[in-house]
Amino acid sequence: MKWGSFFRDLYRNKAMLFFVMPATIWFICFSYLPMAGVIIAFKQYRYSTDGFLASIINSAWVGWDNFKFLFSTQDAYIITRNTVLYNAVFIILGLIMSVAMAVILSEIVNKRLAKFFQTGMFLPHFLSWVIVGYFVFSFLSYDKGIVNQFFTFMGWDLRQWYNDPTYWPLILVLVNVWKTVGYSSVVYLAAIMGIDKSLYEAAMIDGANKWQQIRRITLPMLVPLMTILTLLAIGKIFYADFGLFYQVPRDSGTLYSVTNVIDTYVYRGLKLTGEIGMSTAAGLYQSVVGFVLVITSNYVVRRFNRDNALF
């Protein structure tokens, strides 16, 4: 590489580089530099007054003991099962609902009405899980909840919702869809707006109805974007939304069988034992598995359609 041409390219693209600089700095500071801290996963970290770096260096090396401690308990299967199955449902149902909402919004003729509905669906994304947890509590509280008040009106038996794990998988899925589908649909809606309108005009001339236009034009044009976003979501299948599984069930111990995931398990273990090494080991485990899943899924996609692959 000639350094002269390199610097000329930098100068020629200085405006674009300036725009990506904040994001680049953010990723370097919060994503790449902290990667050096994964060594804590193999150490029994003990804080000392000499500083954070000295504490890492002076901590005893324990090898794989932190990983053994994480997965040697009887809860290892439960938290892994809950994390993977919940995320699998979130990915599939979130994809279907987001695409459906985007298609519906794009078909609304009255644009003011479309923006009103879009804003209404987009708003839950900005609510904290703490606020959402109180919303859910207002529905499911035993004595004051709207659901139990309705049961009282109908003469039915009241339910101890926060002591009965039967319905919580459905409740968590519904709450997650309600909070995330509006934000996710924006990406697909933008992609739909970018589809060439002449394709729809040609289809209408050929006699295609609205459903045929969606099935033959809209959905096929969204497949590359759907594939990329799904691949990225698969990479985080071992990461659970901490707020959803901790704040919404209100940390009820009787619900741990259906609400305990890797993130909440590590948090409770860190709070009780103070073992930073164990939490670091869990984070490293999630990252490595996510990386392997993304590479594997991308390889499978490339085997069928190279253009739809992530890389």
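Of the 311 residues in the protein, 35% are buried, where buried means under 20% relative accessible area, exposed means over 50%, and partly exposed covers what falls in between (1.4 Å probe, protein chains only). The model is a predicted one, so local features need pLDDT of at least 70 and side-chain atom pairs count only at pLDDT 80 or more, while totals for chains, interfaces and linings use all residues. Residues are numbered from 1 along each chain as its sequence is written, and side-chain values use heavy atoms, with hydrogens and water left out.

As for the overall build, the protein has 15 helices and 2 strands; helices (H or I, at least four residues) and strands (E, at least two) are DSSP runs, numbered from the N terminus. Its radius of gyration is 24 Å, well over the 19 Å that the globule rule gives for 311 residues, so the protein is more spread out than a compact globule. That radius is taken over C-alpha atoms, and the rule is 2.2 Å times the number of residues to the power 0.38. The C-alpha trace spans about 80 × 75 × 35 Å along its principal axes. Taking contacts between residues at least 6 apart in sequence, 65% join residues at least 24 apart, a contact being heavy atoms within 4.5 Å.

Now for the inside. The largest nonpolar core holds 23 residues, and Val136, Trp168, Val175, Leu244, Phe245 and Val248 touch the most other members. Such a core is a set of buried Ala, Val, Leu, Ile, Met, Phe, Trp, Tyr and Cys residues joined through side-chain atoms within 4.5 Å. Helices α5 (76-107), α7 (129-140), α9 (168-193) and α12 (242-246) each supply at least two of its residues, and α9 gives the most, with 7. Setting aside neighbours within four places in sequence, Leu244 is in contact with Phe90, Trp129, Leu172, Val175, Asn176 and Pro249. A second, separate core of 13 residues includes Val99, Val103, Met121 and Ile214.

Ser98, in helix α5, is buried at a relative accessible area of 2%. Ser98 and Val181 sit 83 residues apart in sequence, yet their C-alpha atoms are 5.3 Å apart. Beyond its neighbours within four places in sequence, Ser98 is in contact with Val181, Ser184, Ser185 and Tyr188. Ser297 belongs to helix α15 (residues 276-304) and counts as buried at 16% relative accessibility. With neighbours within four places in sequence again left out, Ser297 is in contact with Leu231 and Ile234.

Finally, a word on backbone angles. Most residues other than glycine have a negative phi. Arg250 has a positive phi, near 60°, and Asp251 has one of about 50° although it is not a glycine. Arg250 lies in the loop between α12 and α13 (256-259), and Asp251 is in the loop between α12 and α13 too. Arg250 is partly exposed at 37% relative accessibility, and Asp251 is partly exposed with a relative accessible area of 24%.
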